[in-house]
Amino acid sequence: MPTALLLVFEIIGTVAFAISGAIVAMQHKLDYFGIFLLAVTTSIGGGVLRDIILGVSPPVGLVNPIYLTTASITTFLLLALGRFRRLVSSGSPVYTWSYYISDALGLAVFTVIGVDAAISAGYEKEGFLCIFVAMLTGVGGGMIRDVLVQQIPVVLRREIYALASVAGALLYYFARTHIPQSVAVLLSVLLTVSIRMLSLYFNIHVPSIQEIKEES
């Protein structure tokens with residue numbers, strides 16, 4: 001992926017995950033430091049896990065100040081919007097869907113970035129590794145966010161989350177050599193976001209063991 005395009009998508013993903021992290025922090029009534037910490041951790045967490053798997057040391061997210069700066073500015077702007085804080089605390093549907101949309105966008109963007117990072121590290125022919133790294137990059141920040149607020153990570157619940165990331169990663173991995181890379185990126189992001197949002201809207205989820213037992 002061209003460096004300029006990669007940077008643009010990294011900024012988009014960082015902003016999206018910072019929003020989702022800040023919203024969750026506000027919902028749990030954390031203090032200002034807690035809100036900033038959760039927003040930043042959600043933003044760079046997946047990338048840090050990705051770099052650890054790929055042997056990149058120190059992780060890019062801890063070295064390049066642009067990610068911390070972007071997440072911090074995004075969080076500051078959210079905190080400055082008093083009305084937004086009130087919507088979060090009241091449990092308004094605006095808060096709910098703001099969280100879902102930002103989280104889905106972050107998931108989609110970092111999924112593509114994960115595939116590209118694995119390929120750039122020399123693992124282009126290792127399809128499973130590329131897809132796994134992509135999924136980890138996409139869901140990692142959200143997993144850390146959920147653990148920090150003491151709730152079961154969304155990736156381990158019934159919601160279609162990691163599967164949406166895998167679908168987007170597969171599309172990008174196989175399509176990038178047959179169509180323009182920028183088009184492959186956009187299609188992958190669109191597919192991941194669509195799967196995630198449609199599953200939420202129509203309440204489609206992976207069956208749990210309890211549901212299977214009840215049906216049998």
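# Close-up views of a predicted all-helix model

**View 1. A nonpolar patch lies on the surface.** Trp97, Ile101, Leu198, Tyr201, Phe202 and Ile204 form this patch, and together they have about 660 Å² of accessible area. Two elements each give two or more residues to the patch: helix 6 (93-120) and helix 9 (181-201). Ile204 sits in the loop between helix 9 and helix 10 (209-215). Its relative accessible area is 46%, so Ile204 counts as partly exposed. The model is predicted.

**View 2. The whole chain, for orientation.** The protein has 10 helices and zero strands. Along the sequence the pattern reads α-α-α-α-α-α-α-α-α-α. The protein has 216 residues, and 46% of them count as buried.

**View 3. Helix 8 packs against helix 9.** Two packed helices are described by the angle between their axes and the distance between the axes. Here the axes of helix 8 (residues 162-175) and helix 9 come within 8 Å. They cross at roughly 165 degrees. Angles over 145 degrees count as roughly antiparallel, so helix 8 is roughly antiparallel to helix 9. The crossing of these two helices is right-handed.

**View 4. Arg196 and Glu159 form a salt bridge.** The closest N and O atoms of this pair are 2.8 Å apart. Arg196 belongs to helix 9, while Glu159 belongs to the loop between helix 7 and helix 8. The pair links distant parts of the chain, 37 residues apart. Arg196 has a relative accessible area of 1% and is buried, because the cut-off for buried is under 20%. Glu159, with a relative accessible area of 25%, is partly exposed.

**View 5. Arg145 and Asp103 meet in a salt bridge.** Their side chains come to 3.0 Å, N to O. Arg145 lies in helix 7 (residues 127-148) and Asp103 in helix 6, so the pair ties together parts that are 42 residues apart in sequence. Arg145 is buried, and Asp103 is buried too. The contact belongs to a network of salt bridges that links Asp103, Arg145 and Asp146.

**View 6. Asp51 and Arg50 form a salt bridge.** The closest N and O atoms of Asp51 and Arg50 are 3.0 Å apart. Both residues are buried. A search of the whole structure finds five salt bridges. Among them are Asp51 with Arg50, Arg145 with Asp103 and Arg196 with Glu159.

**View 7. Thr42 is a buried residue of helix 2.** Helix 2 spans residues 32-54, and Thr42 is found in it. Thr42 has 0% relative accessibility, so it counts as buried. Ser20 stands 22 residues from Thr42 along the chain. The C-alpha atoms of Thr42 and Ser20 are separated by 7.8 Å.

Key:
Residues numbered from 1 in each chain as written. Predicted model: local features only at pLDDT ≥ 70, side-chain atom pairs only at ≥ 80, totals over all residues. Heavy atoms only, no water. Patch = residues over 30% accessible without salt bridge, like charges linked within 9 Å, V, L, I, M, F, W, Y side chains within 5 Å. Areas by Shrake-Rupley, 256 points an atom, 1.4 Å probe, with all protein chains shown as cover. Salt bridge = Lys/Arg side-chain N within 4 Å of Asp/Glu carboxyl O. Helix = DSSP H or I, 4+ residues; strand = E, 2+ residues; numbered from the N terminus. Buried < 20%, exposed > 50% of the residue type's maximum accessible area, 1.4 Å probe, protein only. Axes fitted to C-alpha atoms, helices over the stretch in contact; angles between N-to-C directions. Parallel < 35°, antiparallel > 145°, perpendicular 65-115°, else oblique. Left-handed = near helix turned anticlockwise from the far one by under 90°.
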